[in-house]
Amino acid sequence: MADTPGLPGSAGQQSQQHGVRDLPARGRATCTGFIESVTYQPPSEQPFFSAIVVDALEHSSQPSVGGGGVKRPYARLRVIWLGRNRVPGIEAGAELRLNGVVTHKDGLPAMFNPRYEILSRQEHL
């Protein structure tokens, strides 16, 4: 059967943009988000660089558990680049598109060494 234009999964169409809240529990995924914070390792530790990515750069006071005790999707994603002390362009406020395998580390979903594209950067005055 031939691909029908306009239907999801059709050849030549880009996948729909998903935020951090839309990530699957595990597996390959693509998402967009903003860097909330970055973490640098001291020189005496094994080198890795990590960042926390969120859907929007505003702090929410909403609890992670909704009405009826139903757990809401994660609002944060930990991104880790192994063997690097720094990743150029990755700084707080930057908007990224990430593509990688989602796993869990320290209670948060995480992507190790994802492919990334910087969509926008915050201008410094």
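Colleague: Is Trp81 buried or exposed, and what is its relative accessible area?
Modeller: This is a predicted model. Buried means under 20% relative accessible area. Trp81 falls under that cut-off and counts as buried, with a relative accessible area of 4%.

Colleague: What kind of pair do the rings of Trp81 and Tyr116 form?
Modeller: A pair of aromatic rings is described by the distance of the centres and the angle of the planes. For Trp81 and Tyr116 the centres are 5.6 Å apart and the planes stand at 80°. Planes over 60 degrees apart count as edge-to-face, so the pair of Trp81 and Tyr116 is edge-to-face.

Colleague: How many residues apart in sequence are the parts that Trp81 and Tyr116 tie together?
Modeller: Trp81 lies in strand β3, and Tyr116 lies in strand β6 (residues 115–120). The pair therefore ties together parts of the chain whose separation in sequence is 35 residues.

Colleague: Is Tyr116 buried, exposed or partly exposed?
Modeller: Buried means under 20% relative accessible area and exposed over 50%, with partly exposed in between. Tyr116 has a relative accessible area of 32%, so its class is partly exposed.

Colleague: Which side chain of opposite charge is nearest to Arg78, and how far away is it?
Modeller: Arg78 lies in strand β3 (residues 76–82) and is buried. A salt bridge needs a nitrogen of Lys or Arg within 4 Å of a carboxyl oxygen of Asp or Glu. Arg78 has no salt bridge; the nearest side chain of opposite charge is Asp106, at 4.7 Å.

How values were computed. Residues numbered from 1 in each chain as written. Predicted model: local features only at pLDDT ≥ 70, side-chain atom pairs only at ≥ 80, totals over all residues. Heavy atoms only, no water. Helix = DSSP H or I, 4+ residues; strand = E, 2+ residues; numbered from the N terminus. Buried < 20%, exposed > 50% of the residue type's maximum accessible area, 1.4 Å probe, protein only. Lys, Arg positive; Asp, Glu negative; His and termini not counted. Phe/Tyr/Trp six-rings, centres within 6.5 Å; stacked < 30°, edge-to-face > 60°.
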